[in-house]
Amino acid sequence: RGGLMVPALGSALLTFWVLPSLLGQPMLRFYLFGEHRGCQSDPHNILCNTRSMTTNWLYRKMAWQMPYHVEHHAWPYVPFHKLEDANRLIQEGGGVPRDGCAPTGEMGYVRLNLAFIKQLVAK
């Protein structure tokens with residue numbers, strides 16, 4: 001009886017954890033790289049550790065508003081559907097200091113990742 005559970009557990013593990021991880025990691029790396037690469041690591045200033053990304057409406061909705069990444073990190077208790085409002089309040093208050101991440105997220109995910117790849121190839 002218990003011997004039948006091991007293959008079933010292994011199959012479920014492969015189907016619902018290992019394969020989705022292998023398929024999802026390339027996209028997740030692209031996404032996280034854009035939000036965090038090139039940012040300072042300052043445990044006392046969360047605004048320097050990440051950047052919010054400029055992207056289109058569809059991508060923001062599909063990603064649960066996570067391109068508003070500074071807002072997500074700085075105020076983790078704000079629900080995902082209110083991150084855009086948090087971003088608007090920040091912009092109305094003068095915006096996020098620009099010295100934490102270079103380049104900024106205004107390039108979008110594709111152009112920002114391409115810029116970093118060009119830097120690596122040039123070295």
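I take helices (H or I, at least four residues) and strands (E, at least two) as DSSP runs, numbered from the N terminus.

**Ground rules.** I am working with a predicted model, where local features need pLDDT of at least 70 and side-chain atom pairs count only at pLDDT 80 or more, while totals for chains, interfaces and linings use all residues. Residues are numbered from 1 along each chain as its sequence is written, and side-chain values use heavy atoms, with hydrogens and water left out.

**Entry 1, salt bridges.** I started with the charged side chains. For a salt bridge I asked for a side-chain nitrogen of Lys or Arg within 4 Å of a carboxyl oxygen of Asp or Glu. How many salt bridges did this rule give? The count came to two. In one, Arg 88 meets Asp 85, with the closest N and O atoms 2.9 Å apart. Both Arg 88 and Asp 85 sit in helix H4 (residues 83-92), three residues apart, about one turn of the helix. In the other, Lys 82 pairs with Asp 85 at 3.8 Å between the closest N and O atoms.

I then checked accessibility, where buried means under 20% relative accessible area, exposed over 50%, and partly exposed in between (1.4 Å probe, protein chains only). Lys 82 is partly exposed at 40%, Asp 85 is partly exposed at 31%, and Arg 88 is partly exposed at 40%.

Next I went to the loop between H1 and helix H2 (57-62), where Arg 51 is found. Is Arg 51 buried or exposed? Arg 51 is buried, yet has no salt bridge. What I did find was backbone oxygen: the side chain of Arg 51 reaches that of Gly 34 at 2.6 Å and that of Arg 37 at 2.8 Å.

I paired rings of Phe, Tyr and Trp (its six-membered ring) if their centres lie within 6.5 Å, calling planes under 30 degrees apart stacked, over 60 edge-to-face and the rest tilted. The structure holds six such aromatic pairs. One of them is Tyr 31 with Tyr 109, stacked at 5.2 Å centre to centre with 20 degrees between the planes. Tyr 31 lies in helix H1 and Tyr 109 in helix H5 (residues 108-122), so the pair ties together parts that are 78 residues apart in sequence. Tyr 31 and Tyr 109 are both buried. Ring pairs also join Phe 30, Tyr 31, Tyr 59 and Tyr 109 into a cluster.

Back in helix H1 (residues 2-36), I stopped at Trp 17, which is exposed at 56% relative accessibility.

My last stop was the loop between helix H3 (69-74) and H4, which holds Pro 79. Pro 79 is partly exposed, at 38% relative accessibility. Its C-alpha atom and that of Trp 64, 15 residues apart along the chain, are separated by 9.6 Å.

Terms used
Lys, Arg positive; Asp, Glu negative; His and termini not counted. Polar contact = N/O pair within 3.5 Å; in protein donor to acceptor, adjacent residues only side chain to side chain.
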